[in-house]
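Subject: Structure handover

Hello,

Here is the structure I promised to pass on. Please open it next to this email and follow along.

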Amino acid sequence: EIVREYGPFPGADRVNGVTFDGQHVWIATGDHLRSFEPRSGEPVSAIEVAAHAGTAFDGRYLYQLAGDRIQKIDPQTGSVIRTIPAPGQGRDSGMAWAEGTLWVGEYRSRKIHQVDPETGKILRSIDSDRFVTGVSWVEGELWHATLENEESDLRRIDPQSGEVQERLQMPAGVGISGLESDGGELFY
C-alpha cells in the first residue's frame, strides 16, 4: 500500500536514489543530494555533488553512486571523503549499507554486489531474474526493487542464494527507482 507521496522537488526532474539517516530522507537528484523531513515533506538541505543513482547511509557518512564511482560524503560538510570504483562501472542502480559493507545493484546485469566500502572490491554477487533498481536492508533482511516490462515489485531475497522469499507487486504504472527502509514498517 502506498501511504504517502513526496514531491515534486524544486530543481529535481527525478529521484535517482534514496536513503534514510534516522531523521531525514536523502534523495539523489542528478547534481545534488537533497534531504527532507519525512513527516512534513519540507526540504532540509542540499549538497552539490554528482548523484546519478543509489544512495546509502552508514550511520555517519553518505555513499553516492556517481557514474563509475562511489563517493563517500560527510553530510555535515558536503565534502567527498573518498571515492571507490562502482562494481557495475557506471551501470549501477541502487545501494544500501549493511553488515559493514555496501550492497550495490547492477541494473541490466540483474545483480546485487556486496562491496568493500574502503576498496570497492566485490566480495560476492547475487543474481536476480529482473532488472535491479533499488536495494535495502531491513532488520537483517535483504530487499530489492525491480522494474521491467512496465512492471515493478519489491522482493525480499535470501542474501546467500538470491532466492525470492517474498514479493510485493506495485500497482500498474508505479515504478521504483530507489529503495530504502525507515528501519520500521515503511519503504521510501
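Below are notes on one arginine, one glycine and one hairpin. Keep in mind that this is a predicted model.

**Arginine 130**

Start with arginine 130. Look for it in the loop between strand S12 (122–127) and strand S13 (132–138). Is arginine 130 buried or exposed? Its relative accessibility is 14%. The cut-off for buried is under 20%, so arginine 130 counts as buried.

What does arginine 130 touch? Leaving out residues up to four places away in sequence, the list is Arg110, Thr146, Leu147, Glu148, Glu151, Ser152, Asp153 and Arg155.

**Glycine 11**

Now go to the segment before strand S1 (17–20), where glycine 11 is found. Glycine 11 has a relative accessibility of 67%. Exposed means over 50%, so glycine 11 counts as exposed.

Last, the hairpin. Strand S7 covers residues 69–73, and strand S8 covers residues 80–85. How do S7 and S8 pair? They run antiparallel, with five bridges. Lysine 72 faces arginine 82 of S8 across the pairing. Six residues sit between the strands of this hairpin. Glycine 78 takes a positive phi there, near 80°.

Best wishes

Methods. Residues are numbered from 1 along each chain as its sequence is written. This is a predicted model: local features need pLDDT of at least 70, side-chain atom pairs count only at pLDDT 80 or more; totals for chains, interfaces and linings use all residues. Side-chain values use heavy atoms; hydrogens and water are left out. Helices (H or I, at least four residues) and strands (E, at least two) are DSSP runs, numbered from the N terminus. Buried means under 20% relative accessible area, exposed over 50%, partly exposed in between (1.4 Å probe, protein chains only). Contact means heavy atoms within 4.5 Å. Two strands pair if DSSP finds at least two bridges between them.
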